[in-house]
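This report looks at side-chain interactions.

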Amino acid sequence: MPIDEKFVENLEVTGKTLHSDGENKHFIWGNGRTDGEAFSNDDVKAAYEARGEEQVPLGIHGTTVAVDWDSCVAAGSCMSVCPVQTFQWYRTEKDIPAKDVVGATFDGTGLTEQDERLDYTDKSMPIREHDCTQCMACQEACPTHAILIEPSYQEFHEKADGSYVKMESSSVNPHAHD
């Protein structure tokens, strides 16, 4: 099931993951869903069982670079094509259950190569969402269509962050001359 192209309109921010640079972060949208591909993928289910972790809905991580963690099956295709290493395997930096990344701070030191995941419970984290060049290669490569690149959603990121400023003109026609 492809990521909802209107998730910023249909879901609310339920959390965020911070970057240790103190400036960047990515937001988590919605409470997740159990009908994503990760819940029916045998490799993913077996990896959760091997860890003794419950597989729970996780939501969409990121705004302008959004990854639906409920559909992410840890294929790593996004990492193999990204020219600026927007993504990292979150477990290779902090080996914690995915449900515990809400509110966590990451340095961005996780591994970034396709086959470097710890196991199939790992997720592609858009840790460097702010560096994305919108080349769309990851969106096209994702086998489950769990990624959506949408630069116009920057406004939604800024609104969630509290940093949105609407630029208004002082005149009805901003192109008019006195």
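The structure holds 4 aromatic pairs (Phe, Tyr or six-membered Trp rings with centres within 6.5 Å; planes under 30 degrees apart are stacked, over 60 edge-to-face, the rest tilted). The model is predicted: local features need pLDDT of at least 70, side-chain atom pairs count only at pLDDT 80 or more, and totals for chains, interfaces and linings use all residues. Residues are numbered from 1 along each chain as its sequence is written, and side-chain values use heavy atoms, leaving out hydrogens and water.

**Aromatic contacts**

Trp-69 and Tyr-90 are stacked, because their ring centres are 5.3 Å apart and their planes meet at 25°. Trp-69 lies in the loop between strand 4 (65-68) and helix 3 (77-81), and Tyr-90 in the loop between strand 5 (88-89) and strand 6 (105-106), so the pair ties together parts 21 residues apart in sequence. Helices (H or I, at least four residues) and strands (E, at least two) are DSSP runs, numbered from the N terminus. Trp-69 is buried at 0% relative accessible area. Tyr-90 is also buried, at 0%. Here buried means under 20% relative accessible area, exposed over 50%, and partly exposed in between (1.4 Å probe, protein chains only).

Tyr-153 and Phe-156 form an edge-to-face pair, because their centres are 5.6 Å apart and their planes stand at 85°. Tyr-153 is buried at 9%. Phe-156 is partly exposed at 23%.

Lys-159 lies over the face of Phe-156, 6.0 Å from the ring centre. The charged end of Lys-159 also sits over the ring of Tyr-164, 4.9 Å from its centre. The rule asks for NZ of Lys or CZ of Arg within 6 Å of the ring centre and within 35 degrees of the ring normal.

**Salt bridges**

The count comes to 11 salt bridges (a Lys or Arg side-chain nitrogen within 4 Å of an Asp or Glu carboxyl oxygen). Among them are these:

| Pair | Closest N and O atoms |
|---|---|
| Asp-35 and Arg-33 | 2.8 Å |
| Arg-51 and Asp-119 | 2.6 Å |
| Glu-53 and Arg-91 | 2.6 Å |

The pair of Glu-53 and Arg-91 links distant parts of the chain, 38 residues apart. Both Glu-53 and Arg-91 are buried. Arg-51 is partly exposed at 28%, while Asp-119 is buried at 18%. Arg-51, Glu-53, Arg-91, Asp-95 and Asp-119 are linked in a network of salt bridges. Asp-35 is partly exposed at 47%.
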